[in-house]
Amino acid sequence: GRTCPDEDFFQHTGARGQQLLTNVVRAYAVYDEEVGYCQGVNFLAAVLLLHLKEEEAFWTLERVMIHYGLRGLFLPSSS
């Protein structure tokens, strides 16, 4: 995968890591419609998925984005 090309978990097309990453990023895009899909979120989600289960990674991403303010970096007006 392009997000973490040297990480085995994400490396191969159809790999479990790629599936989980897609799930978390798409779920966040639906959850936070104002941010929506933003490719940069992949990197945050990927790091979380290396250490957490899928649902835990999603909720940790939500917390980091909203509570710690990273969300503002991904808003359309930030580009």
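Start with T22, which lies in helix α2; helices here are DSSP runs of H or I with at least four residues, strands are runs of E with at least two, and both are numbered from the N terminus. T22 counts as partly exposed, at 32% relative accessibility. The scale is as follows: buried means under 20% relative accessible area, exposed over 50%, and partly exposed in between, with a 1.4 Å probe and protein chains only.

A note on the source before going on. This is a predicted model, in which local features need pLDDT of at least 70 and side-chain atom pairs count only at pLDDT 80 or more, while totals for chains, interfaces and linings use all residues. Residues are numbered from 1 along each chain as its sequence is written, and side-chain values use heavy atoms, with hydrogens and water left out.

Stay in helix α2 and select G17. Is G17 buried or exposed? G17 is buried, with a relative accessible area of 0%. Leaving out residues up to four places away in sequence, G17 touches F9 and F10, where contact means heavy atoms within 4.5 Å. The C-alpha atom of G17 is 9.7 Å from that of E54, a residue 37 places away along the chain.

Next, show the largest nonpolar core, which has 19 residues. Such a core is a set of buried Ala, Val, Leu, Ile, Met, Phe, Trp, Tyr and Cys residues joined through side-chain atoms within 4.5 Å. Which members touch the most others? They are L21, L49, L61 and M65. Two or more residues of this core come from each of α2 (16-31), α3 (41-49) and α4 (54-66). As general background, nonpolar side chains tend to be buried together in soluble globular proteins.

Pick L61 from that set. With neighbours within four places in sequence set aside, L61 is in contact with V24, Y28, V41, L44, A45 and L48.

Now colour α3 by burial. Its buried residues are V41, N42, A45, A46, L48 and L49. Viewed down the axis of α3, these residues fall within an arc of 165°, so they line one face of the helix; the arc is that of the directions from the helix axis to the C-beta atoms. What do the buried residues of α3 pack against? They pack against α1 (8-11), α2 and α4.

Within helix α3, select N42. N42 is buried, at 10% relative accessible area. Apart from residues up to four places away in sequence, N42 touches T3, L21, V25 and Y37.

Move to V64 in helix α4. V64 is partly exposed, with a relative accessible area of 22%. From the C-alpha atom of V64 to that of L44, 20 residues away along the chain, the distance is 9.2 Å.

For the surface, select Y31, W59 and I66. Together they form a nonpolar patch with about 310 Å² of accessible area. Patches are made of residues with over 30% relative accessible area and no salt bridge, nonpolar side chains (Val, Leu, Ile, Met, Phe, Trp, Tyr) being joined within 5 Å and like charges within 9 Å. The areas come from the Shrake-Rupley method with a 1.4 Å probe, and for residues only the protein chains shown count as cover. Y31 belongs to helix α2 and is partly exposed at 41% relative accessibility.

Finish with the salt bridges, each a side-chain nitrogen of Lys or Arg within 4 Å of a carboxyl oxygen of Asp or Glu. How many does a search of the whole structure find? It finds 2. In one, the closest N and O atoms of D32 and R71 are 2.6 Å apart. This pair links distant parts of the chain, with D32 in the loop between α2 and α3 and R71 in the segment after α4, 39 residues apart. D32 is buried, at 6% relative accessible area. R71 also forms a salt bridge with E34, where the closest N and O atoms are 2.8 Å apart. E34 lies in the loop between α2 and α3 and R71 in the segment after α4, so this pair ties together parts that are 37 residues apart in sequence. Through shared partners, D32, E34 and R71 are joined into one network.
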